[in-house]
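Subject: Structure handover

Dear colleague,

I am handing over the structure below, with notes on what was found in it. Please read the notes alongside the sequence and the coordinates.

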Amino acid sequence: MESSLELGNMTRVQEFVLLRLSTRPGIRNALFAVFLTLYLLTLLENTLIIYLICSHSELHKPMYFFLGNLSCLEMCYVSVTMPSLLLGLWTGPCHVPFTACMTQLFFFIVLICTECTLLASMAYDRYVAICRPLHYPLLMRPQVCLGLALSSWIGGLLVSVVKTSCIASLSYCGPNVLNQFFCDVSPLLNLSCTHVALTELVDFISAIVIFCGTLLVALASYSAIVVAVLLMPSAAARRKAFSTCASHLIVVGIFYSAALFIYCRPSRIKSMDLNKVLSVIYTVVTPMCNPIIYCLRNKEVHVVLRKTLHWP
């Protein structure tokens, strides 16, 4: 009988209400058009990158293997969060069943954790290419690259299982309004009517391990790269080396600045409007910009793209 009452308390909230980005009709219509365009553009860019990498042997290199994984991830990423954002702008506050909300949260955590690990793997790839070029074919052989990619996806999956299970096991007695355009960790913790210290601890530890751990790998890799590049005797070689790393540094800076602000803290976040703005950066802007920053300004990709489109 007691377990039945506990289960009733756990499932008292049957759905969550996701708030939209804006309540003004004119702004909503404009935002809908903008975000729909960004969504379609993101899918097109990343599909093009995956096609070019798979169909041209010139791009069958470790760097482009990781970029292909990242493009696949970005397409899934925006497809998890963007539909609820667009639906909210088009119809108003979005009513999401409890199970659907937890499912969205699960895939969101999988993808964001996987992206962190992929970015760290890409930083390590650049470190080996610049600091240990003679060992590059051995250290970044296909088996190693595949292992790093699989570790990224499996690690994200395991972290998501733990975090989503903890959040789904909390009691939600009402209210059920999430001041966010998708089911996110902090807004859900804010709505729980039970003690969330353990869940916040799990969230904090996973943030330290995933976000801070991968960020430290990226920073260590690029610190070694900077030292190695500065010791190069040729100015042209230094420029070439820095140009291969600049794109990755830009993406890492944008992604981690927003994500770490939100997730690397155990306390409940109060400034939810600011969170929505930052969420737009790493769920919408970054996936759209990544293909441009990484690939579409890359000379090798330019050559392959012109060949594909039969441009002179």
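I begin with one position in the chain. Ser221 lies in helix α8. Ser221 has a relative accessibility of 7%, so this residue counts as buried. Apart from neighbours within four places in sequence, Ser221 is in contact with Ala123, Tyr124 and Tyr127.

Please keep in mind that this is a predicted model.

Overall composition

The chain has 11 helices and 3 strands. Starting at the N terminus, the order of the elements is α-β-α-α-β-α-α-α-β-α-α-α-α-α. Of the 312 residues in the chain, 47% are buried. Among contacts with a separation of 6 or more, 81% are between residues 24 or more positions apart. The accessible surface of the chain is about 14800 Å², and carbon and sulfur atoms account for 72% of that area.

Helix α6

Helix α6 covers residues 142–168. At 1.5 Å a residue, its 27 residues should span 39 Å, and the end C-alpha atoms are 38 Å apart, which agrees. The buried residues in α6 are Cys145, Ala149, Ser152, Gly156, Val159, Ser160, Lys163, Thr164, Cys166 and Ile167. An α-helix has 3.6 residues a turn, so residues three or four places apart point the same way. The cover over the buried residues of α6 includes α3 (62–91), α4 (98–131), α7 (185–191) and α8 (197–230).

The helix also contributes to the surface. A nonpolar patch is formed there by Phe65, Leu146, Leu150, Ile154 and Leu158, with about 460 Å² of accessible area together. The element that gives the most to this patch is α6, with 4 residues. One of the patch residues is Leu146, which is found in helix α6. Leu146 has a relative accessible area of 46%, so this residue is partly exposed.

Helix α2 has 31 residues, and the distance from its first C-alpha to its last is 45 Å, close to the 45 Å expected at 1.5 Å a residue. Its buried residues are Arg28, Phe32, Phe35, Leu38, Tyr39, Thr42, Glu45, Asn46, Ile49, Leu52 and Ile53.

His56 sits in the loop between α2 (25–55) and α3. With 11% relative accessibility, His56 counts as buried. Not counting residues up to four places away in sequence, His56 touches Val304, Lys307 and Thr308. His56 and Leu305 are 9.9 Å apart in space, C-alpha to C-alpha, and 249 residues apart in sequence.

Cysteines

How many disulfides does the structure hold? There are 2. Counting bonded cysteines along the chain, their pattern is 1-3, 2-4.

Another disulfide joins Cys173 to Cys193, with an S to S distance of 2.1 Å. This pair also links distant parts of the chain, 20 residues apart: Cys173 is in the loop between α6 and β3, and Cys193 is in the loop between α7 and α8. The link of Cys173 and Cys193 is right-handed, with 45° about the S-S bond. Cys173 has a relative accessibility of 30% and therefore counts as partly exposed. Cys193 is also partly exposed, because its relative accessible area is 38%.

Cys76 is partly exposed, with a relative accessible area of 34%.

For Cys94, the closest cysteine sulfur is in Cys183, 8.6 Å away, and this too is too far for a bond. Cys94 counts as buried at 9% relative accessibility.

Regards

How values were computed:
Residues are numbered from 1 along each chain as its sequence is written. This is a predicted model: local features need pLDDT of at least 70, side-chain atom pairs count only at pLDDT 80 or more; totals for chains, interfaces and linings use all residues. Side-chain values use heavy atoms; hydrogens and water are left out. Helices (H or I, at least four residues) and strands (E, at least two) are DSSP runs, numbered from the N terminus. The expected span of a helix is 1.5 Å times one less than its number of residues. Buried means under 20% relative accessible area, exposed over 50%, partly exposed in between (1.4 Å probe, protein chains only). Contact means heavy atoms within 4.5 Å. A disulfide is a pair of cysteine sulfur atoms within 2.5 Å. Patches are made of residues with over 30% relative accessible area and no salt bridge: like charges are joined within 9 Å, nonpolar side chains (Val, Leu, Ile, Met, Phe, Trp, Tyr) within 5 Å. Accessible areas come from the Shrake-Rupley method with a 1.4 Å probe; for residues, only the protein chains shown count as cover. A salt bridge is a side-chain nitrogen of Lys or Arg within 4 Å of a carboxyl oxygen of Asp or Glu.
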